[in-house]
Amino acid sequence: MNTALVAGGAGFIGSHLCDRLLASGRRVIAVDSFLTGRPENVAHLAGRPDFQLIEHDVCEPLDVEGPVDAVFHLASPASPTDFDRIPEEIMWVNALGTRNLCDLAQRDGARLLLASTSEIYGDPLEHPQRESYFGNVNPIGPRAPYDESKRFAESLVMMRRRMHGLNARVVRIFNTYGPRMRLGDGRMSIEFVTNALRGEPLTVVGDGSQTRSLCFVTDMAAGISRAMYLPATDGQVFNLGNPSEHSVAEYAELIRDIADSSSEIRHVPARPDDPQRRQPDIGRARKVLDWQPEIAPVDGLRRTVDWYREHLALAEPS
């Protein structure tokens, strides 16, 4: 049985990736420091003989029993609230953590996949964003601990490939949403959903004209898995996301309607360096991976609202 190691395996996307890998017949070792990941995200997998959860910070060298054939690096916090709360931890996990996971993959002759981000494009001057675009990033701004450390991680992975033969690929993840994103995460989709369900104001940053392209989390997990295991992906970079682009204001209205909420929509001042447009060009993923999102945003948001409606009800005191 092939063994996959998922760093950040108890996180939002990581836990859904664990589900997918197990469903495909692979053994999975999930590694998580629980800085932002949560054991509850993989509690339904506890007791399975083909699943193991290890609490470990990948900034420290990692050794696991037996060889692994695939290493997925999804260990970085990715929430805007984390950029202010734990910026140095983000930088180290994308630097030291990437080095340690490269070491593990090279030790076992395993494939490595780095989960990078659309944020490496910064506030883009090219639209939609293609993998060939180098980005427009402020290296000393408030988002830099995430943006620049991800750019460094990409550089490190591809240097290891060129110099040491590491079998590696990079996926740049665009805005992803769905069940298991932690409450208070700060990202647009989860904040709009939870506030609408609670009857609280939906806070739109700036005038709401900035755009985002939302991809449902199971679609994202499918794209990540295909990028790892399909032939001819070594050395390649793939945008993964949903090209369906809408303004933040439109998402606020849509989510409020889906939740059947009477919440008001409030505007607050724009954040520094907040990208004004975000839309992936996924032509390469379509061609090489035969992948594109299957779940339309309105359908995925309905599933998300339903999940959090139940989740919030369980979280409320009786």
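Tutor: Start with one term. Buried means under 20% relative accessible area, exposed means over 50%, and partly exposed lies in between (1.4 Å probe, protein chains only).

Student: Is Glu154 buried or exposed?

Tutor: Glu154 is buried, with a relative accessible area of 10%. One caution before we go on. This is a predicted model, in which local features need pLDDT of at least 70 and side-chain atom pairs count only at pLDDT 80 or more, while totals for chains, interfaces and linings use all residues. Residues are numbered from 1 along each chain as its sequence is written, and side-chain values use heavy atoms, with hydrogens and water left out.

Student: How do I read the sheet? What is the order of its strands?

Tutor: Helices (H or I, at least four residues) and strands (E, at least two) are DSSP runs, numbered from the N terminus. Two strands pair if DSSP finds at least two bridges between them. Here seven strands form an open sheet with parallel pairing, in the order 3-2-1-4-5-6-11. Strand 3 (51-55) and strand 11 (237-240) are the edge strands, each pairing on one side only. From one strand to the next, the twist averages 20 degrees.

Student: How many bridges join strand 4 and strand 5?

Tutor: Four bridges, in the parallel sense, between residues 70-73 of strand 4 and residues 111-117 of strand 5. Take Ala70: its bridge partner in strand 5 is Arg111.

Student: Which strands does helix 1 touch?

Tutor: Contact means heavy atoms within 4.5 Å. Angles run from 0 to 180 degrees between N-to-C directions, with axes fitted to C-alpha atoms, for helices over the stretch in contact. Helix 1 (residues 12-23) packs on the sheet and touches strand 1 (3-7), strand 2 (27-32), strand 3, strand 4 and strand 6 (167-173). The direction of helix 1 makes about 170 degrees with that of strand 1. Helix 4 (residues 144-164) also packs on the sheet, against strand 5, strand 6 and strand 11. The direction of helix 4 makes about 155 degrees with that of strand 5.

Student: What about the interior? Which residues have the most contacts inside the largest nonpolar core?

Tutor: A nonpolar core is a set of buried Ala, Val, Leu, Ile, Met, Phe, Trp, Tyr and Cys residues joined through side-chain atoms within 4.5 Å. The largest one has 56 residues, and Phe72, Val171, Phe192 and Ile224 have the most contacts inside it. Helix 6 (residues 217-229) gives the most to this core: seven residues. Another core lies apart from it, with 25 residues, among them Leu5, Val31, Leu101 and Ala110.

Student: What does Val171 touch?

Tutor: Leave out residues up to four places away in sequence, and Val171 touches a list that includes Leu113, Ala115, Ile224, Phe238 and Leu240.

Student: And charges? How many salt bridges are there in the whole structure?

Tutor: Side chains of opposite charge can pair when their charged atoms come close. A salt bridge is a side-chain nitrogen of Lys or Arg within 4 Å of a carboxyl oxygen of Asp or Glu. A search of the whole structure finds 21. In one of them, Arg143 meets Glu119, with the closest N and O atoms 3.0 Å apart. Both residues lie in the loop between strand 5 and helix 4, so the pair ties together parts that are 24 residues apart in sequence. Arg143 counts as buried at 9% relative accessibility, and Glu119 at 10%.

Student: One last residue. Where does Asn41 lie?

Tutor: Asn41 lies in the loop between strand 2 and strand 3. Its relative accessible area is 3%, so Asn41 is buried. The side chain of Asn41 reaches the backbone oxygen of Ala10 at 2.9 Å. That is a polar contact (a pair of N or O atoms within 3.5 Å; within protein, one must be able to donate a hydrogen and the other to accept it, and residues adjacent in sequence count only if both atoms are side-chain atoms).
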